[in-house]
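Visitor: I am new to reading protein structures. Could you show me how to read one, feature by feature?

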Amino acid sequence: MSKNQNNVIGLDIGTSRVVAAQRADEGDRFVAQLNAFVTIPHTKLTENSLKRENVPHSVAEGQILIYGNESARMADLLGREVRRPMTRGVLNADEQQSLAQIAEIVKTTLPDNPKGAKVCFSVPAPPLGQEVNLTYHEATLRQIIEQLGYSDVRSVNEGVAVVYSELEDTNFTGIGVSCGGGLCNVALAYMSVPVLSFSIAKGGDFIDSSAASVTGEMVNRIRLIKEESFHFNGQPSDKVMQAISVYYDDMIHALVQGLRSALSGSRNVPRFGRPVPLVLSGGGVLPRGFRERFEKALQATPLSVPVSEIRLANDPLNTTARGALVAGLSE
Ligand SMILES: Nc1ncnc2c1ncn2[C@@H]1O[C@H](COP(=O)(O)OP(=O)(O)OP(=O)(O)O)[C@@H](O)[C@H]1O
Ligand SMILES: [Mg+2]
């Protein structure tokens with residue numbers, strides 16, 4: 001492996017998780033952190049315990065902020081919700097305070113020494129049918145990464161990153177889908193050239209908060225239950241599982257509808273000579289039976305671009321970061 005390959009970092013700054021990817025001799029290496037934090041009262045004892053366990057945290061105004069993976073467990077123990085620097089795929093422009101927090105979280109995924117390294121980070125596509133300006137989000141993340149010491153910073157669309165990660169065998173032609181926490185991102189590429197992209201403003205967070213509101217459970221708790229035991233095969237075992245399945249179907253339906261209208265409405269859609277593959281990635285595709293559920297929904301409403309097969313990504317939680325790495329390496 002050339003030395004330069006070592007010096008490129010693919011960075012997926014997602015609503016739910018931040019993932020950094022780097023090439024190593026033994027394969028691609030990933031570091032992931034929950035994009036969340038929780039504040040607890042400061043005591044010297046707690047601070048020392050966190051230090052001993054290497055839990056990312058900071059102390060300010062009599063409070064301890066716990067960042068990343070550990071924040072979810074702590075919040076659950078205390079019966080609280082985690083706080084999140086991003087919603088629906090983008091930075092919350094109203095929460096200036098969250099910029100410091102996201103910088104801390106991103107920093108924990110990156111190498112200690114930024115010298116000479118290049119970062120390629122993922123950005124979402126605008127929601128279908130909405131005029132959302134993503135300039136603030138992209139420019140602010142770029143600033144944050146530059147302030148961490150990186151001078152060569154570029155970005156890649158999330159759906160396109162999925163194609164780069166998974167569709168080398170079709171010469172980067174096909175549809176990449178990432179079902180994340182805040183959004184479902186979709187892109188169509190033809191021989192690696194992005195043809196169209198969009199997002200749907202429903203993802204894991206939508207499922208969690210909707211299921212929480214009909215069952216009276218906490219959102220963070222629903223997420224933990226969903227990740228541990230939800231699947232599509234068979235009857236839901238209780239009210240929480242049933243609620244999760246209802247909103248999962250809602251998300252899948254919105255995604256399929258979005259695909260259908262974006263592809264039929266676009267004059268840019270090339271007349272592919274042959275059917276193209278569609279890849280499903282992101283944490284949202286992990287429940288057993290998801291691929292089959294999606295396939296069934298798609299069969300009910302065929303697309304104007306014929307789909308040859310529906311695949312699950314190799315490593316759905318790391319696909320976007322890997323694709324961002326591929327994009328960074330190829331430039
Ligand atoms: N094992 C699992 N089963 C079901 N859902 C899961 C599982 N693991 C993670 N998730 C869900 O996947 C979502 C996070 O996925 P991902 O990391 O791809 O999102 P993200 O990239 O941070 O968000 P976005 O792309 O929308 O900004 C969360 O809603 C999480 O609850
Ligand atoms: Mg994502």
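Visitor: What should I know before we start?

Guide: This is a predicted model, where local features need pLDDT of at least 70, side-chain atom pairs count only at pLDDT 80 or more, and totals for chains, interfaces and linings use all residues. Residues are numbered from 1 along each chain as its sequence is written, chains are lettered from A and ligands numbered from 1 in the order in which they are written, and side-chain values use heavy atoms, with hydrogens and water left out.

Visitor: How is a helix picked out, and what span should helix 7 have?

Guide: Helices (H or I, at least four residues) and strands (E, at least two) are DSSP runs, numbered from the N terminus. The expected span of a helix is 1.5 Å times one less than its number of residues. Helix 7 covers residues 204-215, twelve residues, so it should span 16 Å. Its end C-alpha atoms are 16 Å apart, which agrees.

Visitor: Which residues of helix 7 are buried?

Guide: Start with the term. Buried means under 20% relative accessible area, exposed means over 50%, and partly exposed is in between (1.4 Å probe, protein chains only). In helix 7, the buried residues are G204, F206, I207, D208, S210, A211 and A212.

Visitor: How do helix 7 and helix 8 cross?

Guide: Axes are lines fitted to C-alpha atoms, for helices over the stretch in contact, and angles run from 0 to 180 degrees between N-to-C directions. Helix 8 is residues 219-229. The axes of helix 7 and helix 8 come within 8 Å and cross at roughly 115°. That makes helix 7 roughly perpendicular to helix 8. The cut-offs are these: under 35 degrees is roughly parallel, over 145 roughly antiparallel, 65 to 115 roughly perpendicular, and the rest oblique.

Visitor: Is the crossing of helix 7 and helix 8 left-handed or right-handed?

Guide: A crossing is left-handed if the near helix is turned anticlockwise from the far one by less than a right angle, and right-handed if clockwise. The crossing of helix 7 and helix 8 is right-handed.

Visitor: Which residues of helix 7 and helix 8 meet?

Guide: Contact means heavy atoms within 4.5 Å. From helix 7 come G204, I207, D208, S209, A211, A212 and T215. They meet V219, I222, R223 and K226 in helix 8. By class, these residues divide into five nonpolar, three polar and three charged. Here Ala, Val, Leu, Ile, Met, Phe, Trp, Tyr, Cys and Pro count as nonpolar, Asp, Glu, Lys and Arg as charged, and the others, Gly among them, as polar.

Visitor: Is R223 buried or exposed?

Guide: R223 sits in helix 8. R223 is buried, with a relative accessible area of 10%. Not counting residues up to four places away in sequence, R223 touches L34, A72 and D208.

Visitor: How do helix 3 and helix 8 cross?

Guide: Helix 3 is residues 69-78. The axes of helix 3 and helix 8 come within 10 Å and cross at roughly 120°. Helix 3 and helix 8 are therefore oblique to each other. Their crossing is left-handed. A72, A75 and D76 of helix 3 make the contact with N220, R221, R223 and L224 of helix 8. Those residues divide into three nonpolar, one polar and three charged.

Visitor: What about helix 4 and helix 5?

Guide: Helix 4 (residues 97-109) and helix 5 (residues 135-147) have axes that come within 10 Å and cross at roughly 55°. They are therefore oblique to each other. The crossing of helix 4 and helix 5 is right-handed. L99, I102 and A103 of helix 4 make the contact with Y136, T140, L141 and I144 of helix 5. By class, this contact has six nonpolar, one polar and no charged residues.

Visitor: How many residues of helix 11 are buried?

Guide: Nine of the twelve are, so helix 11 is largely enclosed by the rest of the structure. Among the buried residues are T319, A321 and L325. R322 is also in helix 11, but R322 counts as partly exposed, at 26% relative accessibility. R322 touches A21, R23, D28, F30 and S165, not counting residues up to four places away in sequence.

Visitor: Last topic: what does phi tell me?

Guide: Most residues other than glycine have a negative phi. F172 has a positive phi of about 60° although it is not a glycine. F172 lies in the loop between helix 6 and strand 11. M191 is not a glycine either, and its phi is positive, near 45°. M191 lies in the loop between strand 12 and strand 13.
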